Amino acid sequence: MAICVTGGPSTVSATSREVRVLRWTFRRDADAVVCELGLNNDDSAYELRINSPWNLSATTTELFDDAMSAFERHAAIERLLVGDGWMLEGFESERVIRHT
């Protein structure tokens, strides 16, 4: 997924808009798993994207009709990761510019 980040809203054009993306990074030894939560391109669903070392060829994306379901799924994934020895390395909440 291509994301362009800018320093402020004054650079947003008429065909762009700002959206919030939540990102959790889990680490175990030299491996990292990144989970991102945000709206899909047409704002019709929430996307939970998982980039993991065991699936280097693609990012897994799950769609949810509401934020609560997406957060519940993320919490289930986090429990599985922590149970397997992964540690939460960081959390980010950032606004990104989406070009429409």
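The chat below goes through the strand pairing in this predicted model.

Reader: Okay, which strand does β1 join up with, and how many bridges are there?
Author: Strand β1, covering residues 16–28, is joined to β2 by seven bridges, and these two strands run antiparallel. Within that pairing, Leu-22 has Leu-37 in β2 as its bridge partner.

Reader: And what sits between β1 and β2?
Author: The two strands form a hairpin with two residues between them, and Asp-29, which lies in the turn, has a positive phi of about 55°.

Reader: Moving on, how do β2 and β3 pair?
Author: Strand β2 spans residues 31–39 and strand β3 spans residues 46–51, and they pair in the antiparallel sense over six bridges. If you look along them, you will find Glu-36 opposite Arg-49 in β3, and Val-34 opposite Asn-51 in β3.

Reader: How many residues are between β2 and β3, and which turn residue has a positive phi?
Author: This hairpin has six residues between its strands, and the turn residue with a positive phi, about 60°, is Asp-43.

Terms used
Residues numbered from 1 in each chain as written. Predicted model: local features only at pLDDT ≥ 70, side-chain atom pairs only at ≥ 80, totals over all residues. Heavy atoms only, no water. Pairing = 2+ DSSP bridges. Helix = DSSP H or I, 4+ residues; strand = E, 2+ residues; numbered from the N terminus.
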